[in-house]
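The entries follow the order in which I looked things up.

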Amino acid sequence: MSKKLEINSASLEKCEMLTAETVTQNAQTMARTLSETFERGLGVKEIIHRIARMLRITDRQAKGLYYGEWERIPAHIYLRLVDAYRKHLARAERQAEHQAAIYRALSQEWNDTWGDTSSCGVLPSPDGGQTAHSSVQFPCGAGPNT
């Protein structure tokens with residue numbers, strides 16, 4: 001049992017301990033990042049009110065959090081903030097994956113319809129053949145502007 005305690009103690013000593021200032025800075029960063037999820041054009045007062053509502057704290061406490069005024073943040077408030085921040089990150093990740101899927105689908109649709117358009121001035125025609133951009137065709141890289 002004492003051997004296990006020694007191992008735990010040694011691993012805790014190696015852990016980086018956060019100072020109160022670091023925790024306050026992290027909380028301020030998380031609060032400001034969360035505020036970016038609110039609609040654009042909101043005033044600071046409304047942003048602070050929404051943070052307060054999200055974390056179930058007073059507007060004054062939210063203001064202190066937003067501006068990094070707290071010397072020590074109560075653990076229950078910090079844990080609510082971390083939870084809200086993680087949910088925000090998960091939502092942002094889902095949105096990014098959704099946007100990437102849309103982009104891939106549009107890109108695939110474009111390639112299916114038009115094919116590879118980087119083929120030196122030749123575009124596929126709707127009937128599957130190739131048509132030139134103009135009546136004069138130049139070999140790749142030997143256009144009129146080179």
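**Ground rules.** I am working from a predicted model, where local features need pLDDT of at least 70, side-chain atom pairs count only at pLDDT 80 or more, and totals for chains, interfaces and linings use all residues. Residues are numbered from 1 along each chain as its sequence is written, and side-chain values use heavy atoms, with hydrogens and water left out.

**Fold.** I listed five helices and two strands, taken as DSSP runs numbered from the N terminus (helices H or I, at least four residues; strands E, at least two). From the N terminus the order is α-α-α-α-α-β-β. Of the 146 residues, 20% are buried; buried means under 20% relative accessible area, exposed over 50%, and partly exposed in between (1.4 Å probe, protein chains only).

**Core.** Which residues have the most contacts inside the largest nonpolar core? I found Ile51, Leu55, Ile57, Leu65, Ile73, Tyr78 and Leu81, in a core of 22 residues. Helices H2 (20–35), H3 (44–55), H4 (59–66) and H5 (75–114) each give two or more residues to this core. The term covers buried Ala, Val, Leu, Ile, Met, Phe, Trp, Tyr and Cys residues joined through side-chain atoms within 4.5 Å. I then checked Ile57: leaving aside neighbours within four places in sequence, Ile57 is in contact (heavy atoms within 4.5 Å) with Ala52, Ala62, Leu65, Ile77 and Arg80.

**Thr24.** A polar atom of the Thr24 side chain lies 3.1 Å from the backbone oxygen of Trp70. Not counting residues up to four places away in sequence, Thr24 touches Gly68, Trp70, Glu71 and Ile73.

**Salt bridges.** I counted four, using a side-chain nitrogen of Lys or Arg within 4 Å of a carboxyl oxygen of Asp or Glu.

- Glu39 and Arg50 pair at 3.5 Å, N to O. The pair links distant parts of the chain, with Glu39 in the loop between H2 and H3 and Arg50 in helix H3, 11 residues apart. Glu39 is exposed, at 52% relative accessibility.
- Arg60 pairs with Glu69 at 3.2 Å between the closest N and O atoms. Arg60 is exposed at 51%, while Glu69 is partly exposed at 42%.
- Lys87 pairs with Asp83, with closest N and O atoms 3.3 Å apart. Both lie in helix H5, four residues apart, about one turn of the helix.

Last, I noted that salt bridges with shared partners join Glu39, Glu46 and Arg50 into one network.

Note on methods:
A polar contact is a pair of N or O atoms within 3.5 Å; within protein, one must be able to donate a hydrogen and the other to accept it, and residues adjacent in sequence count only if both atoms are side-chain atoms.
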